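Welcome! Keep the view open beside you and follow along topic by topic.

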Amino acid sequence: IAASEQMKKRPMKELLVALEEMGSEITYEEEEYCFPFTIGNFECKKSKITIDVDKSSQFLSALLISSVLLPQNFMIKVTGNHGMSYVSMTMRMMQHFGVGIERTIMGSYRRRHDNGYEACEYNIEPDVSAACYFYALAPLLRVRVKVKNVHMDCLQGDIKFLKVLVRMGCKIENDEDGVLLIPPKDKFLGGSFDLSSFSDQALTLAAIAPFTKSKVCMMNIGHIRYQECDRIEAIVKNLAKMGIAAVEQGDNVFILPGVPKACEVETFDDHRVAMAFSLIGTMVEGIEQQGENIENVVVGLVEECEPIPETHLHVCKVNVGEAESFQICCGADNVKAGGKYPVALVGASVYMTAKDHKTIEGVMKIKKGKLRGYDSFGMLCSGVELGLTENMYPGAGYNGLLVLPEDAQIGADVKPLLGLDD
């Protein structure tokens, strides 16, 4: 059995060790317990085997499916921890073809010798893993999506991804001809999601995470490092190239919302990386979604501006149309008295930038702060912090504050002024 270079890296040891214990004779052409190898079997007299599923539940499914070839009762003891939804699917399909698998109270799997496969007619379900890419378009493009013949009671574990989309704000109608997914009226939500039993959708969720209202945490997906590529590395690296903050912590990945920038996606020769990140391509060129994370940002007039000694900072008195002016500390070199700028009030949402002040890393909430002993009740904003580019609004590409027109109404919402309310 030969394989591609990437498949040679895929973990196989646990399954191959189990087969050797059962009597298989395996000759490895290159690295031990990796493709390519030659395998041949002698008679198997074992009635019990142990398999570790930490890296893949497919090891267990493979042994269950092939156990019908053994003339004796056969028991499989399982160690390790992994999502088992696809094992459940395997067992239900085997049952349809006449082979029952018993699950013991100790978590082992038993096949009795007196049953075997029987020919029958079988309706094959649509590929739900592939369908999820289309369902993910619903919240992105705010369109209704239906994939024919996909239903919530299907056997495949990836159907759970639709429940994730429901938690993010979508609605489901299980029509006779398939599940209809209805997008949320407002921007869809982030959250924490355990993807251990449908981890193929980690890439899909990572692709839509930048467009959510809040942080997305994908939990218990450490095993996807050992699939067609290190998929955690693929997620973190590609999102970083787009200016999106993604952090790997143990078996979890945290992704902050932001505005992805165009880049060339590295697929790592993994088809799912290519398919998942193509979703971002439906959004990244358009500007209609820009500014959706911007909330509670108004036009402000700097009435007074004084330097803070021995710093690059200024302490400003800012009029935002309320009874009293606010004190805000600012480090931009173009701030001056008489200028009008976007003001993010306490509680506002704006984009967080990297040290170069050009790359967006996520969304942040403005809080009351203190700089060099001076209270600061908000933030004067640059164009980048509002998700703007130079071709969207003149002056937005400058690292300093975004200068607003002299006739901009003090205290007015900046989104209509900047074309961010579409």
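**A first look**

Strand E8 and strand E9 (residues 178-182) are antiparallel partners, joined over five bridges. Please keep in mind that this is a predicted model.

**The three-stranded sheet**

- Three strands make up an open sheet in the order E7-E9-E8, and their pairing is antiparallel.
- Strand E7 (145-148) and strand E8 (171-175) are the edge strands, each pairing on one side only.
- On average, neighbouring strands of this sheet are turned by 15° against each other, direction ignored.
- Helix H5 (residues 128-141) packs on the sheet and touches E7 and E9. The direction of H5 makes about 160° with that of E7.

**Helices H5 and H6**

- H5 also has a helix partner: its axis and that of helix H6 (residues 160-167) come within 10 Å and cross at roughly 5°.
- Angles under 35 degrees count as roughly parallel, and H5 and H6 are therefore roughly parallel to each other.
- Which residues of H5 meet H6? They are Cys132, Tyr135, Ala136 and Pro139, and on the H6 side they meet Phe161, Leu162 and Leu165.
- By class, the contact of H5 with H6 has seven nonpolar residues, no polar ones and no charged ones.

**Helices H3 and H4**

- Helix H3 (residues 58-66) packs with helix H4 (residues 85-96) at an angle of about 10°, and their axes are 9 Å apart.
- That angle makes H3 roughly parallel to H4.
- The crossing in which H3 passes H4 is right-handed.
- H3 brings Leu60, Ser61, Leu64 and Ile65 to this contact, while H4 brings Tyr86, Val87, Thr90, Met91 and Met94.
- The residues in the contact of H3 with H4 divide into seven nonpolar, two polar and no charged.

- Strand E12 (residues 246-249) pairs with strand E13 (residues 252-255) in the antiparallel sense over four bridges.
- To find your way along this pair, look for Glu248, which stands opposite Val253 in E13.
- The hairpin of E12 and E13 has two residues between the strands, and Gly250 there takes a positive phi near 65°.
- Strand E14 (residues 295-307) and strand E15 (residues 314-319) run antiparallel and are joined by six bridges.
- Here a handy landmark is Val302, which stands opposite Val318 in E15.
- How many residues lie between E14 and E15 in their hairpin? There are six, and Glu310 in the turn has a positive phi of about 60°.

**Salt bridges**

- The structure holds 15 salt bridges.
- One of them links Glu228 with Arg10, whose closest N and O atoms are 3.1 Å apart.
- Glu228 lies in the loop between strand E11 (216-219) and helix H8 (231-241), and Arg10 in the loop between helix H1 (5-8) and helix H2 (13-22), so this pair ties together parts that are 218 residues apart in sequence.

Key: Residues numbered from 1 in each chain as written. Predicted model: local features only at pLDDT ≥ 70, side-chain atom pairs only at ≥ 80, totals over all residues. Heavy atoms only, no water. Axes fitted to C-alpha atoms, helices over the stretch in contact; angles between N-to-C directions. Parallel < 35°, antiparallel > 145°, perpendicular 65-115°, else oblique. Left-handed = near helix turned anticlockwise from the far one by under 90°. Contact = heavy atoms within 4.5 Å. Nonpolar A, V, L, I, M, F, W, Y, C, P; charged D, E, K, R; others polar. Pairing = 2+ DSSP bridges. Salt bridge = Lys/Arg side-chain N within 4 Å of Asp/Glu carboxyl O.
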